[in-house]
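Welcome, and please take a moment to look over the sequence and the model below. A short tour follows.

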Amino acid sequence: MLTVVLECQDQESELAQTLSILVAGAVEGLVSDVIVLDHGSRDGTSRVADAAGCRFHSQWDIKDIVRSARGEWLLFVEPGARPQAGWIDEIAEYVALNKTPARFTASRGYRRSFFQRVARARPPLELGLLMSKNQALAAARSGMPVADFAKGQKPRKLASELIPSWVARAAR
């Protein structure tokens, strides 16, 4: 079972796009719960999370959040990111056979320009991060942002592609 964790602020439409993709994972029995960590959104982020059955937190300690996760594996993704076809089967197989963190492959259909790829570092969770709950508990520190889970990790690359969240932001 998998817990998906999203950290957001004023990203109602991006959150809705990601949650719509996660429904298939819940139907297949892979996604057990989704946790939305909010930074004072003033849009409908909380309504979207509530309508989708997510646990919504506007104040939290990341250590408590990780401890409360129902899944034995956690998937950290940015609101707006959308895993592509085959992600459910691949993650189910990966968590059954592996212990190391993993991330998605960048979508071939949505790539930044060559200059953008060379000139700036990729955000830590642009391709998501899949890690076991035990690893997340060991890494969790009070007050730490979710993106810090990716620091120091050398995740394996999944074959499944992910459309990054910047695509959804650009479409706004």
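The model is predicted, so local features need pLDDT of at least 70 and side-chain atom pairs count only at pLDDT 80 or more, while totals for chains, interfaces and linings use all residues. Residues are numbered from 1 along each chain as its sequence is written, and side-chain values use heavy atoms, with hydrogens and water left out.

Let us begin with strand E1, residues 2–8. Helices (H or I, at least four residues) and strands (E, at least two) are DSSP runs, numbered from the N terminus. Of the 7 residues of E1, 6 are buried, so the strand is largely enclosed by the rest of the structure. Buried here means under 20% relative accessible area, exposed means over 50%, and partly exposed lies in between (1.4 Å probe, protein chains only).

Together with helix H1 (residues 12–27), E1 and E2 form a right-handed β-α-β unit. Right-handed means that, with the strands pointing away from the viewer, the path from the first strand over the helix to the second runs clockwise.

Next comes helix H4, residues 87–97, where Trp87, Ile88, Ile91, Tyr94 and Val95 are buried. These residues cover an arc of only 135° around the axis, which puts them on the same side of H4; the arc is that of the directions from the helix axis to the C-beta atoms. The other side of H4 carries the exposed residues Asp89, Glu93, Ala96 and Leu97.

How many disulfides does the structure hold? There are 0, a disulfide being a pair of cysteine sulfur atoms within 2.5 Å. For Cys8, the closest cysteine sulfur is that of Cys54, 9.5 Å away and too far for a bond. Cys8 is buried, with a relative accessible area of 2%, and Cys54 is buried as well, at 12%.

Our last stop is Glu78, found in the loop between E4 and strand E5 (82–83). Is Glu78 buried or exposed? Glu78 is buried, with a relative accessible area of 19%. Leaving aside neighbours within four places in sequence, Glu78 is in contact (heavy atoms within 4.5 Å) with Leu6, Thr18, Pro123, Leu125, Glu126 and Ser165.
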